Amino acid sequence: MSKNNLRIVRASDIDLKERVVAIKRVAKVVKGGRRFSFSAIVVVGDGNGVVGYGLGKANEVTDAIAKGIDDAKKNLVKVPVYHHTVPHSIEGKFSGGFVLVKPAAAGTGVIAGGAMRAVFESAGIKDVLAKSKGSSNPHNVVKATFDALSKMRDPLAVAQQRGVNLSKVFNG
């Protein structure tokens, strides 16, 4: 168990699909001109509640993506998914990025911006309403989304903690 009740998952146990969120070209000015390198932020997930993100930097795009995938596989976490949506509303924050995540009715789909959409689809969340407030930097948005998902509490765990049945958690 890590902080915020998240389970750390090993990449060797599951089949992961990767999605590139953003690729950025970075220039370093040297004596002979500009030297270019690339950074890529990648999200990996199994589509069943396990998701991770990583950053890769290299002189070639493919190498940067490969490094990002390796980094993402080292940072996998298990997030609660309840009926293909999130269990409850939550806000996440990282640096200047703020995100609001709300559960949605079945059939709604993923209503979210690009960086958040990649995280939700990789985690297997099919119905969710999300809004990015503040920074639109994909690094901050992805990390704020992970912050929100790390604060999520599983309904079964809440029911056991309170000593009541599952219907009492939702219906009061």
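**Note on the contact between the two domains**

1. The centres of domain 1 and domain 2, taken over C-alpha atoms, lie 21 Å apart. The contact, meaning heavy atoms within 4.5 Å, takes 17 residues from domain 1 and 13 residues from domain 2. Domain 1 spans 17-77 and domain 2 spans 82-154 of the protein chain, with bounds that come from an automatic or database domain assignment.

2. This is a predicted model, in which local features need pLDDT of at least 70 and side-chain atom pairs count only at pLDDT 80 or more, whereas totals for chains, interfaces and linings use all residues. Residues are numbered from 1 along each chain as its sequence is written, and side-chain values use heavy atoms, with hydrogens and water left out.

3. About 1200 Å² is buried between domain 1 and domain 2, and carbon and sulfur atoms give 73% of that area; buried area is here the accessible area (1.4 Å probe) that two parts lose on being put together, summed over both.

4. One salt bridge is counted between the domains, the term standing for a side-chain nitrogen of Lys or Arg within 4 Å of a carboxyl oxygen of Asp or Glu. A salt bridge joins the side chains of arginine 19 and glutamate 121, at 2.1 Å from N to O.

5. On the side of domain 1 that touches domain 2, strands S2 (17-30), S3 (33-45) and S4 (50-58) each supply at least two residues, strands being DSSP runs (E, at least two residues) numbered from the N terminus. S4 gives the largest share of that side, five residues.

Note on methods:
Helices (H or I, at least four residues) and strands (E, at least two) are DSSP runs, numbered from the N terminus.
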